[in-house]
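Please walk me through this protein.

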Amino acid sequence: MPKKKKKKKIIPLSKVFSIEMAMDCIKLLGDGKQCLNLSFKEFDAVPESIQKLWRVEELILGRNLIVELPDFLRDFTKIQVLDLHSNYLEKIPPTVGLLKTLVVLNLCNNRLKQVPKELGLLQNLQKLYLGLNKLQILPTAIGDLHELVYIGLSDNRFSVVPKCLENLPKLKKINLDRNPFPPPPDLKKMALPKTFFMANAYNLCEVCLENCRADRKKLLNARQVKATVHVPRVKTVT
């Protein structure tokens, strides 16, 4: 009988990715910083070989097949940009809070249902990308990111705006597009009051104030017309 061929074991690309190969992916940026770009490599995990490159300021791991982050990422003590977009991450380890020098963190287009409260420890973080995930809430610690100027939360499952965003003094832009917020009430179907209420003029904008004056004038005119309508008397015959 012919011998059965043994199936060759498929070795993950992340296991065979050497330090030399990683060094070839380092680019020197205009400001002198080093960027290690490992995007589009089909990695199912972060290669262990990059541990010795902890001095890089930017680490790009977007558009791979990564499902989990290794503990050794906390050793990247000089990192300012960490890009993990378009992977298969379902959770972020609390150790991400140790990356104190982070300025930009991109976690969009993953499978995150929550993010750790330790993100609030990133006191230098200015941009946080969390779009295209499955988030419904944010930890209150996000409100401790006092340097944050932008947060992307589009294409998630938020039904209300997270209250922690109110505590961000430098926040300039929030992207909450395409979340399942309840629709605004249909004013055409609402029962409008038939009477008018007192309001201080200084509480109204110019347009509303003019509209109120116009409506009041119409109401007064309608009452005057009603009061002056002549009702003929009917003579009684005796």
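## A buried asparagine

Asn64 is buried, with a relative accessible area of 3%. Buried means under 20% relative accessible area, exposed means over 50%, and partly exposed lies in between (1.4 Å probe, protein chains only). Asn64 sits in the loop between strand 3 and strand 4 (81–83). Helices (H or I, at least four residues) and strands (E, at least two) are DSSP runs, numbered from the N terminus.

One of its polar atoms lies 2.9 Å from the backbone nitrogen of Glu42. The side chain also reaches the backbone oxygen of Gly62 at 3.2 Å. A polar contact is a pair of N or O atoms within 3.5 Å; within protein, one must be able to donate a hydrogen and the other to accept it, and residues adjacent in sequence count only if both atoms are side-chain atoms. Leaving aside neighbours within four places in sequence, Asn64 is in contact with residues including Leu38, Phe43, Ser86 and Tyr88. Contact means heavy atoms within 4.5 Å.

## What kind of model this is

This is a predicted model, in which local features need pLDDT of at least 70, side-chain atom pairs count only at pLDDT 80 or more, and totals for chains, interfaces and linings use all residues. Residues are numbered from 1 along each chain as its sequence is written, and side-chain values use heavy atoms, with hydrogens and water left out.

## The overall plan

The protein has 3 helices and 8 strands. From the N terminus on, the elements run α-α-β-β-β-β-β-β-β-β-α. Of its 238 residues, 36% count as buried. The accessible surface comes to about 17,300 Å², and 56% of that belongs to carbon and sulfur atoms. Such areas come from the Shrake-Rupley method with a 1.4 Å probe; for residues, only the protein chains shown count as cover. Among contacts with a separation of 6 or more, 27% join residues 24 or more positions apart.

Two strands pair if DSSP finds at least two bridges between them. Strand 1 (residues 26–28) and strand 2 pair in the antiparallel sense over 3 bridges. Here Lys27 has Cys35 in strand 2 as its bridge partner. These two strands form a hairpin with 5 residues between them, and Gly32 in the turn has a positive phi of about 90 degrees. Strand 2 and strand 3 pair in the parallel sense, over 3 bridges. Leu36 stands opposite Leu59 in strand 3.

## Two aromatic pairs

How many aromatic pairs does a search of the whole structure find? It finds 2. The ring centres of Phe17 and Phe43 are 5.0 Å apart and the planes stand at 70 degrees, so this pair is edge-to-face. Rings of Phe, Tyr and Trp (its six-membered ring) pair if their centres lie within 6.5 Å; planes under 30 degrees apart count as stacked, over 60 as edge-to-face and the rest as tilted. Phe17 is in the loop between helix 1 (13–16) and helix 2 (19–23), and Phe43 is in the loop between strand 2 (34–37) and strand 3 (58–60), 26 residues apart. Both Phe17 and Phe43 are buried.

Tyr129 and Tyr150 form a tilted pair, 5.3 Å centre to centre with 45 degrees between the planes. Tyr129 lies in strand 6 (residues 127–129) and Tyr150 in strand 7 (residues 150–152), so the pair ties together parts that are 21 residues apart in sequence. Tyr129 is partly exposed at 27% relative accessibility. Tyr150 is buried at 17%.

## Around strands 6 and 7

Strand 6 and strand 7 pair in the parallel sense over 3 bridges. Tyr150 in strand 7 is the bridge partner of Lys127.

Asn133 lies in the loop between strand 6 and strand 7. Is Asn133 buried or exposed? Asn133 is buried, with a relative accessible area of 6%. A polar atom of its side chain lies 3.3 Å from the backbone nitrogen of Arg111. Not counting residues up to four places away in sequence, Asn133 touches Leu107, Asn110 and Asp155, among others.
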